[in-house]
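Reader: I would like a close look at a single part of this model, and then an account of what surrounds it. Please state the cut-offs as you go.

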Amino acid sequence: MSRILALAEKELLQIRRDHVLPRLIVLLPSLMLFLFGYAINFTLKNIPVAVHDAAQDRISKTLLWELTKEGTFRLALQAQSREEVVAALDRGRARVGLVVPAGALERVRRGESVGLEIYVDGTDPNFAFQAQAALRRVIQEVNARILVGRALAGERVLPPLSPEIHTLYNPENKTAWFMIPGILGLVLTAFTVLLTALAIVREAESRMMESLLASPLRPYEMVLGKVLPNLFIAFGVALLVLALGHFVFGVPVRGSLSLLLLAMFLFVLVAMFLFVLGSLAAGVLISTVARTQVQAVFGTYAYVLPTIVLSGFVFPIEGMPRLFQALSYLVPARYLIEVLRGVMLKGVGLQVVWPHLLALALFSALVLLLASARFQRQVAV
Amino acid sequence: MDRVSLEVRPGEVFGLLGPNGAGKTTLVRILSGVLRPDEGRALVAGLDVGREPYRVKALIGYATQEQSLYRDLSVEENLLFRARLHRPKEAKILAAEALARFGLAPYAKTLAGHLSGGWRQRLALAQAVVHRPQVLFLDEPTTGLDPLSRRGIWGLIHQEAARGAAVLVTTHYMDEAERCHRLALLFAGRVLAVGTPQELKALARERARFLFAPGFALEAATSLPGVLEAWPSGEGVRLIARKDFQMGVGFQEVEPSLEDVFALLTKEAL
């Protein structure tokens with residue numbers, strides 16, 4: 001125990017004495033949070049629309065008013081022809097085009113259907129999908145108003161299907177709400193990997209590995225002494241991101257905070273040991289001292305990239321091919337992000353998230369075991 | 001390593017002399033429990049290194065060939081860290097004592113990375129002995145140091161032996177080997193000879209003649225019958241020759257150096 005403490009205190013002293021690292025520890029997660037939180041935004045806003053209004057009547061006016069009233073769409077161009085509308089999309093001046101045919105009001109009065117021509121920029125499928133959904137919502141609204149108008153005129157008319165859609169957990173579709181739990185998972189992954197890699201490189205650069213191996217320090221003491229200080233730092237970083245997410249981006253924490261913290265703690269543990277294992281497997285000890293820096297950098301990439309893709313951080317796991325869905329179970333960040341989203345946005349409790357926590361705990365245990373065994377073998381070489 | 005058997009006594013500085021690649025570092029790594037031998041066993045202070053590595057590791061001090069110290073920690077912090085790994089309760093006292101013993105006290109607060117090469121080596125040595133080990137392994141402790149620093153380091157090595165430690169030091173400097181109480185000549189993983197410097201020289205004198213031929217050409221010397229080894233030296237040629245070699249005119253018998261002994265023994269071994 002005293003040996004673990006000696007090593008852990010030495011680690012903290014070295015981190016504190018580092019010129020860059022302490023600043024990086026605070027700045028990097030904040031930067032990531034603000035970049036991802038503000039720059040990546042899937043919430044549609046201010047979509048430029050080119051309109052050719054050949055009708056110029058009450059129907060088209062109502063349609064345009066409904067279209068622009070919530071700020072999702074804005075009128076970018078009053079076109080004189082359908083060709084001009086399409087050209088505006090070609091040139092990128094508008095991302096949605098709308099053509100209202102002449103005589104719309106008359107057709108409605110005669111009880112006929114008005115054919116609207118709508119063009120959507122489909123280069124980004126995600127955008128196209130959301131824009132179509134928003135357009136349908138608007139048109140549905142106008143339809144309802146038209147029907148209600150006829151009802152007021154004495155006819156007994158109701159829309160055949162009137163959907164009432166409840167968007168749960170994130171009713172305003174704020175991307176930041178969806179992203180921040182993911183960013184938290186990502187920041188933790190990147191940080192644990194970075195810190196552990198640096199901790200190992202530090203020994204290699206100091207040429208201390210052999211001396212430590214010849215000291216009474218046991219392999220598990222070595223692993224714990226290296227990991228514990230970084231564990232607490234990573235945990236502090238997680239708290240920072242959580243606080244920023246909550247107070248700056250307004251992400252709610254609907255569930256139990258302690259459950260959230262427990263999940264993060266287990267996650268950090270897993271990520272750390274996973275990387276220690278990876279580094280040891282790559283042969284960080286004496287024989288490969290000279291290569292550790294490069295290994296550390298590549299190790300970081302090798303670990304963080306699959307995490308970004310497979311953790312469900314941005315890309316929905318349900319949409320992946322079977323193989324990748326299966327692989328995603330091997331990415332501990334996946335469980336953390338599920339727990340974070342569940343607890344923060346849905347406000348669910350232990351009875352819902354326990355399988356994810358269990359998975360994280362199993363990961364920790366397994367990886368700790370492997371890391372120590374791996375270490376023992378390395379020492380024996 | 002091939003059947004190496006050595007005995008180092010308390011209070012003795014025992015030199016392991018051999019060229020690069022002879023197996024000096026490998027031997028030290030096995031003895032300190034860093035490497036496991038393919039077969040056979042190593043005993044340190046009566047303990048089997050393979051069976052009880054941590055009891056052995058608690059007893060030994062090991063200064064690796066590459067200076068192992070944290071450049072971003074101060075001299076004192078480095079010593080304290082190593083002391084805590086061995087004897088946490090007395091660590092502070094031990095570190096302070098090592099600072100004094102190795103003349104490092106004025107640099108206590110200096111970062112190890114800011115020390116000059118000689119002082120860094122002093123610190124590396126101090127770290128290896130901060131816990132007052134009974135057995136001390138030093139792997140080429142003076143490589144790359146200037147003569148003055150080397151003398152300083154050797155003074156400290158003898159100081160540790162005087163304290164009662166058994167010191168095993170590896171070197172490929174022949175002049176340093178002279179400073180050891182006893183020596184083993186290591187070549188290609190085998191021990192060629194063991195003894196005090198005087199014993200080794202006497203052994204060599206029994207087996208060969210060591211000569212100096214002033215004004216002689218190297219080619220002429222090499223072609224003489226019975227010459228084992230010849231190399232230019234100053235104004236003439238140095239020779240190692242068989243015992244029955246017929247000395248030419250002007251040849252002088254010289255006292256063999258350890259280098260001569262080493263040259264003879266490796267020649268015989270090949």
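Which residues does Leu336(A) touch, not counting residues up to four places away in sequence?

Author: This is a predicted model, in which local features need pLDDT of at least 70 and side-chain atom pairs count only at pLDDT 80 or more, while totals for chains, interfaces and linings use all residues. Residues are numbered from 1 along each chain as its sequence is written, and chains are lettered from A and ligands numbered from 1 in the order in which they are written.

Leu336(A) touches Gly185(A), Ala263(A), Met264(A), Phe267(A) and Leu360(A), with residues up to four places away in sequence left out. Contact here requires two C-beta atoms, placed from the backbone, to lie within 7 Å. Leu336(A) is also, with Phe267(A) and Val167(B), among the residues with the most contacts inside the largest nonpolar core, which has 152 residues. Such a core is a set of buried Ala, Val, Leu, Ile, Met, Phe, Trp, Tyr and Cys residues joined through C-beta atoms within 7 Å. A residue is buried if 20 or more other C-beta atoms lie within 10 Å of its own, exposed if 12 or fewer, and partly exposed in between, with C-beta atoms placed from the backbone. H7(A) gives the most to this core, with 18 residues. Apart from it lies another core, of 23 residues, including Ile47(A) and Val96(A).

Helices and strands are DSSP runs numbered from the N terminus, helices being H or I with at least four residues and strands E with at least two. Helix H7 (175–205) of chain A, together with helix H9 (219–247), is part of what covers the buried residues of H2(A). Those buried residues are Pro29(A), Leu33(A), Phe36(A) and Gly37(A). H2(A) has a kink of about 25 degrees at Leu27(A), shortly before the proline Pro29(A); the bend is the angle between axes fitted to the seven residues ending at a position and the seven starting there. The 19 residues of H2(A) (21–39) should span 27 Å at 1.5 Å a residue, and the end C-alpha atoms are 25 Å apart, which agrees. The expected span is 1.5 Å times one less than the number of residues.

Next comes the contact between the chains. It takes 18 residues from chain A and 24 residues from chain B. On the side of chain A that touches chain B, helix H1 (2–17) and helix H8 (209–213) give two or more residues each, and H1(A) gives the most, with 7 residues.

Pro216(A) lies in the loop between H8 and H9 of chain A. Pro216(A) is buried, with 20 other C-beta atoms within 10 Å. Beyond its neighbours within four places in sequence, Pro216(A) is in contact with Arg3(A), Tyr54(B), Lys57(B), Ala58(B), Leu85(B) and His86(B).

Leu85(B) and His86(B) are among the buried residues of H3(B). Because 12 of the 12 residues of H3(B) are buried, this helix is largely enclosed by the rest of the structure. Its buried residues pack against H1 of chain A together with helix H2 (53–59), helix H4 (91–101) and helix H5 (117–129) of chain B. H3(B) (75–86) reaches 17 Å from its first C-alpha to its last, close to the 16 Å expected.

As for confidence, the predictor gives the complex an ipTM of 0.86 and a pTM of 0.76.
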